[in-house]
Amino acid sequence: MRSKDYIPLLILTAIIIVAGCLPGNDATIPLPRGYFRIQLPDSSLQTITTPWQMEMSVNSDAKVTYPDVANPSGVDSNWINIHYPTLNATVYCTYYQTLGREKLLGVLKNRAERVMLNVREGTMPQMVLFQDTSNYVSHNVFFSGYHNVIPFQFISTDSATFVFSGAAYFHGYLNPDSISPAIDIIESDLLSMLQSIKFHGNNN
C-alpha cells in the first residue's frame with residue numbers, strides 16, 4: 001500500500017474517535033481492568049536478632065512480628081512474620097529448634113508436603129539448593145511462578161538440630177505483569193536473608 005493510501009484511513013479513524021467523544025453519545029466503551037498500584041519498598045536491609053538468637057537481614061521497610069502460635073505436634077517452634085505493607089505481602093516463617101534426628105526428619109517431611117500443597121495443582125516448583133558451609137546449613141528455595149499467590153517457599157536445616165522454613169504470601173489477586181517487580185524484590189530479600197543467617201549461643 002502506498003503512503004497516500006493511508007490518508008483516508010487516518011481521517012476515518014480520527015472521525016470515529018472524535019464522534020465517540022461528542023456530547024450526547026451514550027455508547028459505553030469497555031475499559032481495561034485496573035490493578036492496585038505497587039509502591040516498591042526500600043531496597044536497603046537491616047539486621048535483626050530473633051528471640052531465639054538467630055541473626056538475619058530483612059528489608060528495612062518490612063514490619064517484623066513474632067506471633068505466639070500454639071503447636072499441637074509437640075515440636076518446639078517459634079514464628080516470625082515479615083510483612084511488606086506497600087506490597088500487601090507477608091513472609092511467614094517457622095523455626096523448629098532442639099530437634100532429635102527422628103523429629104527433624106518428621107518436620108522436613110511435613111515441610112516438603114506443605115510446599116507441594118502451596119503450589120498450583122499440576123505444577124512443579126523450581127528448586128534452588130545452596131549451602132552455607134561455614135554454618136553447615138543447606139537452603140532449599142522453591143519458586144512456584146508469578147501466577148501463584150505463594151510464589152516463594154524455603155526450607156533450611158543443618159540436618160541435625162533445627163529446621164527454618166517459610167513462605168511468601170501475597171494477599172489478593174495477582175496480575176503477573178504488575179506484580180512481578182514485587183516478587184523479584186521479595187526473591188532478592190529472601191536470598192539475602194538466608195545467606196545472612198547466623199546463630200548466637202548454643203541453638204545450632
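# Reading a predicted fold, feature by feature

Modeller: Contacts between residues 24 or more positions apart make up 52% of the chain's contacts with a separation of 6 or more. Bear in mind that this is a predicted model.

Biologist: How many helices and strands does the chain have?

Modeller: The chain has three helices and 10 strands. Read from the N terminus, the elements go α-β-β-β-β-β-α-β-β-β-β-α-β.

Biologist: What share of the residues counts as buried?

Modeller: Of 204 residues, 38% are buried. The accessible surface of the chain is about 12400 Å², and carbon and sulfur atoms hold 56% of that surface.

Biologist: Let us turn to the rings. How is a pair of aromatic rings described?

Modeller: By two values: the distance of the centres and the angle of the planes. This structure holds nine aromatic pairs. One of them joins Tyr95 and Phe164, with 6.4 Å from centre to centre and 65 degrees between the planes. Planes over 60 degrees apart count as edge-to-face, and Tyr95 with Phe164 is such a pair.

Biologist: Where in the chain do Tyr95 and Phe164 sit?

Modeller: Tyr95 is in strand 5, residues 89–96, and Phe164 is in strand 9, residues 163–170. The two are 69 residues apart, so the pair links distant parts of the chain. Tyr95 and Phe164 are both buried.

Biologist: Why is the pair of Tyr95 and Phe199 called tilted?

Modeller: Look at the angle. The planes stand at 35 degrees, with the ring centres 6.3 Å apart, so this pair is tilted. Phe199 belongs to strand 10, residues 198–199, and Tyr95 to strand 5, so the pair ties together parts 104 residues apart in sequence. Both Tyr95 and Phe199 are buried.

Biologist: Which residues form one aromatic cluster?

Modeller: Trp52, Tyr66, Tyr95, Phe154, Phe162, Phe164 and Phe199.

Biologist: Next, strands. How do the side chains lie in a regular strand?

Modeller: They alternate between the two faces of the sheet. Now take strand 5 here. Seven of its eight residues are buried, so the rest of the structure largely encloses strand 5.

Biologist: In which sense do strand 4 and strand 5 pair?

Modeller: Antiparallel, over eight bridges, with strand 4 covering residues 77–84. Asn78 has Tyr95 of strand 5 as its bridge partner. Strands 4 and 5 form a hairpin with four residues between them. In that turn, Asn88 has a positive phi of about 55 degrees.

Biologist: And how many bridges join strand 5 and strand 9?

Modeller: Eight, again in the antiparallel sense. Tyr92 stands opposite Ala167 in strand 9.

Biologist: Pick a residue in strand 4. Is Asn81 buried or exposed?

Modeller: Asn81, found in strand 4, has a relative accessible area of 15% and is buried. The cut-off for buried is under 20%. Beyond its neighbours within four places in sequence, Asn81 contacts Lys63, Val64, Thr65, Pro67, Thr90, Val91, Tyr92 and Cys93.

Biologist: What is the strand order in the open sheet of three strands?

Modeller: The order is 1-2-10, with antiparallel pairing. Strand 1, residues 45–49, and strand 10 are the edge strands, each pairing on one side only. Strand 1 and strand 2, residues 54–59, are joined by five bridges. Ile48 stands opposite Met56 in strand 2.

Biologist: Now a helix. What span should the 17 residues of helix 2 have?

Modeller: Count 1.5 Å a residue. Helix 2, residues 101–117, should then span 24 Å; its end C-alpha atoms are 25 Å apart, which agrees.

Biologist: Which residues of helix 2 are buried?

Modeller: Leu104, Val107, Arg111 and Val115. They cover an arc of only 80 degrees around the axis, which puts them on the same side of helix 2. Their cover includes strand 5, strand 7 (137–143), strand 8 (152–157) and strand 9.

Biologist: Which exposed residues does the face turned away from the buried side carry?

Modeller: Glu102, Lys109 and Leu117.

Biologist: Where does Lys103 have its place?

Modeller: Lys103 is in helix 2. At 45% relative accessibility, Lys103 counts as partly exposed. Lys103 and Ala160 are 57 residues apart in sequence, yet 9.9 Å apart in space, C-alpha to C-alpha.

Conventions
Residues are numbered from 1 along each chain as its sequence is written. This is a predicted model: local features need pLDDT of at least 70, side-chain atom pairs count only at pLDDT 80 or more; totals for chains, interfaces and linings use all residues. Side-chain values use heavy atoms; hydrogens and water are left out. Rings of Phe, Tyr and Trp (its six-membered ring) pair if their centres lie within 6.5 Å; planes under 30 degrees apart count as stacked, over 60 as edge-to-face and the rest as tilted. Buried means under 20% relative accessible area, exposed over 50%, partly exposed in between (1.4 Å probe, protein chains only). Two strands pair if DSSP finds at least two bridges between them. The expected span of a helix is 1.5 Å times one less than its number of residues. The arc is that of the directions from the helix axis to the C-beta atoms. Contact means heavy atoms within 4.5 Å. Accessible areas come from the Shrake-Rupley method with a 1.4 Å probe; for residues, only the protein chains shown count as cover.
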